[in-house]
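Colleague: I have a few minutes before my next call, and I would like to go through this one with you. Could you put it up on the screen?

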Amino acid sequence: ERAGSIVANAPPITNAAATRAYLSYWSLGTMILDISDPARPRYLGRTARGQGNAHSAWLLPGEKTLLETHETLRGRPVVWNVADPAHPVRLATVRLPYRLAPGGLFSGRLPLSDSVHDPKVVGRRAYFSWYGQGVALFDVANPRTPRFVARFRPPPGPDAHGLLCPGETCTADWGVFPMPRYVLASDMITGLWVLKAPS
């Protein structure tokens, strides 16, 4: 696993000092690199393969805990302790309450209606763009037991391009971006939603 030849699936993230990079590398998990010398990145370790299709990652405050999402059928976020990058330790899998169902199943080429795309963290709050589930908010103050707080799911809309639910309606929340007062949610079907950030 040569660092020089690694290409991430989603844009990599770094720690605050920009000395470590975390690259979601699909079937190989999330690669952890030492980039203290950007001209010579050095491989430190990776998360286990697990569910496969590691798509995105985000560090929690303190930079010892990593959220990793999996863009696959029923893909779930995983919480990792990455304090020792050579030996990441799986702490938890983030799950929605069973009573919550996705907003319209994807019947097209991408069976991702109940899959997670991206994570973002602000303080103790973790936001996930969860395709058909919308935006899910969890409290991750205790990374071993993420606690579901709330969900916003845009109403299903018709799939004009026929990629996700051709001839039907569905929700496809693709991105989430929390700000101090608002949370932006981008839905591939119904567009941009601006939400009031929880107090």
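Colleague: Which residues line the largest pocket?

Modeller: Bearing in mind that this is a predicted model, the lining of the largest pocket consists of R76, R95, L96, P97, Y98, L100, A101, P102, D114 and Q133.

Colleague: And how do the residues of that lining divide into nonpolar, polar and charged?

Modeller: Six of the lining residues are nonpolar, three are charged and one is polar.

Colleague: What volume does the largest pocket have?

Modeller: The computed volume of the largest pocket is about 150 Å³.

Colleague: How does the radius of gyration of the chain stand against that of a compact globule?

Modeller: The chain has a radius of gyration of 17 Å, which agrees with the value near 16 Å that a compact globule with 199 residues would have.

Colleague: What share of the residues is buried, and what share of the contacts is between residues 24 or more positions apart?

Modeller: Buried residues account for 48% of the 199 residues, while 43% of the contacts with a separation of 6 or more are between residues 24 or more positions apart. As for the surface, the chain exposes about 10,000 Å², with carbon and sulfur atoms supplying 56% of that area.

Colleague: Now the backbone: what is phi of A18, and where does A18 lie?

Modeller: Phi of A18 is near 55°, which is a positive value in a residue other than glycine, and A18 lies in the loop between β1 (13–14) and β2 (20–24). A18 has a relative accessible area of 38%, so it counts as partly exposed, between the cut-offs of 20% and 50%.

Colleague: What about Y131, is that one buried or exposed?

Modeller: Y131 is buried, with a relative accessible area of 4%. Y131 also has a positive phi, about 45°, although it is not a glycine, and its place is the loop between β10 (125–129) and β11 (135–139).

Colleague: Why does N15 count as buried?

Modeller: N15 counts as buried because its relative accessibility is 10%, and the cut-off for buried is under 20%.

Technical notes. Residues are numbered from 1 along each chain as its sequence is written. This is a predicted model: local features need pLDDT of at least 70, side-chain atom pairs count only at pLDDT 80 or more; totals for chains, interfaces and linings use all residues. Side-chain values use heavy atoms; hydrogens and water are left out. On a 1 Å grid over the protein atoms alone, a cavity is a set of points where a 1.4 Å probe fits but cannot get out, and a pocket is an open set with protein on both sides within 12 Å along at least five of seven lines; lining residues have an atom within 4 Å of a point. Grid points are joined across faces, edges and corners, and a volume is the space filled by probe spheres set on the points. Ala, Val, Leu, Ile, Met, Phe, Trp, Tyr, Cys and Pro count as nonpolar, Asp, Glu, Lys and Arg as charged, and the others, Gly among them, as polar. The radius of gyration is taken over C-alpha atoms; the globule rule is 2.2 Å times the number of residues to the power 0.38. Buried means under 20% relative accessible area, exposed over 50%, partly exposed in between (1.4 Å probe, protein chains only). Contact means heavy atoms within 4.5 Å. Accessible areas come from the Shrake-Rupley method with a 1.4 Å probe; for residues, only the protein chains shown count as cover. Helices (H or I, at least four residues) and strands (E, at least two) are DSSP runs, numbered from the N terminus.
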